[in-house]
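Student: Could we go through this structure together? I'd like to start with what sits inside.

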Amino acid sequence: MHTVEVLDEALAAARKLAYGVRQEWLDGAGGGLCEFGDRRWIFVDLSQTAAEQLEEVLAVLRRDARTESLS
């Protein structure tokens, strides 16, 4: 499977876990988890490669125990 397809699946999984997803041009600063208010957000830096974006999203999902409940 292509990296972009896996990234799309990872973002879909994040949304199922009630993460908000923001895809923004962050000029190489990188993305990751941000919590504000009562909501969790994953910021995806569009200036990074698809592989780098995927790694950021997967890093967030790996730390969330609820990920195991997804099937």
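Student: Which residues touch the most other members of the largest nonpolar core?

Tutor: Of the 14 residues in that core, Leu-11, Tyr-19, Ile-42, Val-44, Val-57 and Leu-61 touch the most other members; a nonpolar core is a set of buried Ala, Val, Leu, Ile, Met, Phe, Trp, Tyr and Cys residues joined through side-chain atoms within 4.5 Å, and buried means under 20% relative accessible area, exposed over 50%, partly exposed in between, with a 1.4 Å probe and protein chains only.

Student: And which element gives the largest share?

Tutor: That is α1, with five residues, while the elements giving two or more are α1 (3-16), β3 and α2; helices (H or I, at least four residues) and strands (E, at least two) are DSSP runs, numbered from the N terminus.

Tutor: Keep in mind that this is a predicted model, in which local features need pLDDT of at least 70, side-chain atom pairs count only at pLDDT 80 or more, and totals for chains, interfaces and linings use all residues. Residues are numbered from 1 along each chain as its sequence is written, and side-chain values use heavy atoms, with hydrogens and water left out.

Student: OK, new topic: where is Gln-48, and is Gln-48 buried or exposed?

Tutor: Gln-48 lies in the loop between β3 (39-45) and α2 (50-62), and Gln-48 counts as buried because its relative accessible area is 16%.

Student: What is Gln-48 in contact with?

Tutor: Leaving aside neighbours within four places in sequence, Gln-48 is in contact with Gly-30, Gly-31, Gln-53 and Glu-56, where contact means heavy atoms within 4.5 Å.
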